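Student: Could you walk me through the ring contacts and the domain contact of this structure?
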Amino acid sequence: MGRITTDNCELLSKDFIDPAYLREMQLCKLQSIVRHAYENVGLFRSRMDKLKLKPCDVRELKDLAKLPFMKKTDLRDTYPFGLFAVPKSEIVRLHASSGTTGKPIVVAYTKDDINVWNEVMYRGLAGAGLSKNDIIQVSYGYGLFTGGLGAHYGAEMLGATVVPASGGNTRRQVMRIRDFGVTAMMCTPSYFLHLIEEADRQGIDLRELPIKAGVFGAEPWTAGMRERIEQGAGIEAFDIYGLSEIIGPGVAMECRKHNGMHIYEDHFYPEIIDPDTGEVLPDGETGELVLTTLSKYAMPMIRYRTRDLTRIISEPCECGRTIRRIDRISSRSDDMFIIRGVNVFPSQIESALLAIEGTTPNYRIILYTENGMDNIQVDAELRPDMISSDAEKMEKIRKKISSSIESITGLRVKLKLVDPNTIARSEGKAKRVFDERTAK
Ligand code: DLL
């Protein structure tokens with residue numbers, strides 16, 4: 001750790017808060033934010049009125065379950081500023097997310113909201129063992145995406161030396177990791193894999209450089225992907241979760257025990273619901289994560305349905321932190337596709353693929369229609385040293401991968417082994433699924 005001042009010592013101790021006190025604090029904050037949203041956000045007030053609810057009806061934490069949900073469409077329908085809850089003069093920053101379809105969403109921060117964001121990023125990075133002695137290269141995109149600036153200010157608050165690289169120019173990113181003696185990287189896991197490959201092309205072995213940690217998020221990644229990253233670069237990988245609507249990166253992050261991500265519960269209240277019925281599920285059960293911002297005043301989000309699937313881990317963590325954890329986000333409910341009646345998540349295909357020796361995390365999933373039936377094609381790159389002119393050997397590998405996918409998903413897919421470096425590498429969030437079906 002860097003110099004521990006009274007201020008940052010207090011911030012770090014929030015991770016070790018007495019759970020009973022935390023619940024009391026959450027209730028006070030919840031009552032205040034619900035009142036603030038009711039008084040200042042028309043959409044929230046009209047939904048509460050329809051349900052004949054008033055802010056004073058939140059008497060206990062479990063009363064939150066009575067309140068209406070918010071969804072991404074609410075941000076789109078009120079684009080750009082319809083959910084802002086403070087005068088514009090109090091807003092110091094906007095971020096936006098382009099979204100895959102339709103209108104982008106816009107999110108806003110007051111000065112205090114930015115402080116909360118920096119604080120959670122700082123707590124996460126400190127929990128990963130990073131300090132002012134580190135040189136952290138931030139290769140999340142800077143700009144309207146929350147990844148770059150979110151990571152940047154958190155790392156700066158830590159006192160680390162920040163290299164604001166943003167995404168792209170991969171050759172130079174690798175050069176800088178070597179020349180500056182970068183000790184930690186922050187980027188998407190798929191981009192880091194691209195950096196490992198680029199380093200290899202340049203004859204640089206990342207395992208021999210000072211780089212020792214990576215803080216990866218913004219997209220789902222499997223345990224298999226983590227293994228490839230940790231082995232390929234000789235680093236310790238940390239999962240970080242967040243979303244623009246709630247704050248950006250830093251809603252939750254892994255500690256060095258790597259057993260789920262600690263959620264900063266003093267600022268973000270988590271619930272898990274059954275995505276079909278909306279019913280709140282007990283800790284430990286998997287469902288859709290719903291988040292309520294307890295400290296964000298420019299644009300409070302009450303019961304925001306993230307679409308991300310996970311579970312709350314309430315058992316104490318070996319690290320001693322008392323704030324609860326959420327499990328790795330394996331997928332989003334809207335990423336799931338149904339092929340011939342079988343539900344499939346892209347992460348299942350990634351796990352099945354990476355379970356086979358000689359595969360790489362460079363793959364794409366193409367959904368297509370043939371004779372009126374939905375089908376899946378998986379294009380996968382093998383490690384260059386696995387490529388052989390021996391057709392029988394190649395067919396054997398192909399069959400091995402196909403049956404691994406079949407045993408995990410229950411589906412027979414069309415598997416194509418494609419030449420190395422033919423699948424586009426991502427500089428941010430990787431696009432894995434290409435839906436070319438005629439009727440979706
Ligand atoms: O991706 C914020 C972020 C930046 C998080 C950098 C972590 C690191 P959005 O663009 O709004 O914000 O996308 C949010 O990305 O709802 C998840 O579906 C997905 N996501 C984010 N982190 C993870 C993760 C940023 N660690 C959406 N694992 C979220 C899996 C993740 N999915």
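Tutor: Happy to; we will take the aromatic rings, then the charges over rings, then the domains. This is a predicted model, where local features need pLDDT of at least 70, side-chain atom pairs count only at pLDDT 80 or more, and totals for chains, interfaces and linings use all residues. Residues are numbered from 1 along each chain as its sequence is written, and side-chain values use heavy atoms, with hydrogens and water left out.

Student: How many aromatic pairs does a search of the whole structure find?
Tutor: Rings of Phe, Tyr and Trp (its six-membered ring) pair if their centres lie within 6.5 Å; planes under 30 degrees apart count as stacked, over 60 as edge-to-face and the rest as tilted. With that rule, the search of the whole structure gives four.

Student: What kind of aromatic pair do Phe192 and Phe216 form?
Tutor: Helices (H or I, at least four residues) and strands (E, at least two) are DSSP runs, numbered from the N terminus. The centres of Phe192 and Phe216 are 5.0 Å apart, with 40° between the planes, and that makes the pair tilted. This pair links distant parts of the chain, 24 residues apart: Phe192 in helix α8 (residues 189-201) and Phe216 in strand β6 (residues 213-217).

Student: Is Phe216 buried or exposed?
Tutor: Buried means under 20% relative accessible area, exposed over 50%, partly exposed in between (1.4 Å probe, protein chains only). Phe216 has 0% relative accessibility, so it counts as buried.

Student: Why is the pair of Phe216 and Trp221 edge-to-face?
Tutor: The ring centres of Phe216 and Trp221 are 5.8 Å apart, and the pair is edge-to-face because the planes are at 90°.

Student: Which residue lies over the face of Tyr109?
Tutor: A charge sits over a ring if NZ of Lys or CZ of Arg is within 6 Å of the ring centre and within 35 degrees of the ring normal. Arg305 lies over the face of Phe69, at 5.4 Å from the ring centre. For Tyr109, at 5.2 Å from the ring centre, the residue is Lys296.

Student: Which side chains meet in a salt bridge at 2.6 Å, N to O?
Tutor: The domain assignment, automatic or from a database, gives domain 1 (1-334) and domain 2 (337-435). Across their interface the rule finds one salt bridge, meaning a side-chain nitrogen of Lys or Arg within 4 Å of a carboxyl oxygen of Asp or Glu. The side chains are those of Arg425 and Glu197.
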